[in-house]
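Student: I would like to go through this structure and ask what stands behind each label.
Tutor: Go ahead, one label at a time.

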Amino acid sequence: MKNLLTLEEIAQFTLSIFLFSILKFSWWIFPLCILLPDVSMTGYLFNPKSGAWLYNFFHHKMTAVFVLVAGFFLHLPEVELAGTILLGHSSMDRIFGYGLKFSDDFRHTHLGRIGNKS
């Protein structure tokens, strides 16, 4: 099952690359922006609950789809780009085993614990 879910995430990441290719931005914008959603981890500077909420908001695929569709309907390429980056980043994170966070600990995700077991 893990391999099947990883393939699904790879397909979604590939979709984000395809969607980006339709946009009229230079190719280097995608790799430049792909890690920007991780700025949301700054919420952990306050406390785990705020950190998890902010992180999950910017890493939830529903947010990505909403932003992408809003950009499409409003004819705003920068918003389409933001949605595409959010989708690609979230998929990439899941490929590497980083899931949505629980509010008790950064390492506690919906995909299991991150890091060593100790």
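This is a predicted model: local features need pLDDT of at least 70, side-chain atom pairs count only at pLDDT 80 or more; totals for chains, interfaces and linings use all residues.

Student: How do you know that the radius of gyration of the protein chain agrees with a compact globule?
Tutor: A compact globule of 118 residues would have a radius of gyration near 13 Å, and the protein chain has 15 Å, so the two agree. Along the principal axes, the C-alpha atoms fill a box of roughly 45 × 35 × 25 Å.

Student: What share of the residues in the protein chain is buried?
Tutor: Buried residues are 36% of the 118; the label requires a relative accessible area under 20%. The chain exposes about 7800 Å², with 73% of that supplied by carbon and sulfur atoms.

Student: Why is Thr6 called partly exposed?
Tutor: Its relative accessible area is 22%. Buried means under 20% and exposed means over 50%, so Thr6, at 22%, is partly exposed.

Student: Where does Thr6 lie, and how far is Thr6 from Ile95?
Tutor: Thr6 belongs to helix H1. Thr6 and Ile95 are 89 residues apart in sequence, while their C-alpha atoms are 5.5 Å apart in space.

Student: Which residues line the largest pocket?
Tutor: Thr6 and Ile95 are among them, together with Lys2, Leu5, Glu8, Glu9, Lys61, Arg94, Phe96, Gly97, His110 and Leu111. Two elements give two or more residues to this lining, helix H1 (2-22) and helix H5 (77-95). The most come from H1, with 5 residues. The space in this pocket is about 260 Å³.

Student: What is the make-up of that lining by class?
Tutor: The lining has 5 charged, 4 nonpolar and 3 polar residues. Gly97 is a lining residue, and glycine counts as polar.

Student: Why is His75 called exposed?
Tutor: The label requires a relative accessible area over 50%. His75 has 66%, so His75 is exposed. His75 sits in the loop between helix H4 (61-74) and H5.

Student: What makes the phi of His75 worth a remark?
Tutor: His75 has a positive phi of about 55 degrees, although it is not a glycine. Most residues other than glycine have a negative phi.

Note on methods
Residues are numbered from 1 along each chain as its sequence is written. Side-chain values use heavy atoms; hydrogens and water are left out. On a 1 Å grid over the protein atoms alone, a cavity is a set of points where a 1.4 Å probe fits but cannot get out, and a pocket is an open set with protein on both sides within 12 Å along at least five of seven lines; lining residues have an atom within 4 Å of a point. Grid points are joined across faces, edges and corners, and a volume is the space filled by probe spheres set on the points. Helices (H or I, at least four residues) and strands (E, at least two) are DSSP runs, numbered from the N terminus. The radius of gyration is taken over C-alpha atoms; the globule rule is 2.2 Å times the number of residues to the power 0.38. Buried means under 20% relative accessible area, exposed over 50%, partly exposed in between (1.4 Å probe, protein chains only). Accessible areas come from the Shrake-Rupley method with a 1.4 Å probe; for residues, only the protein chains shown count as cover.
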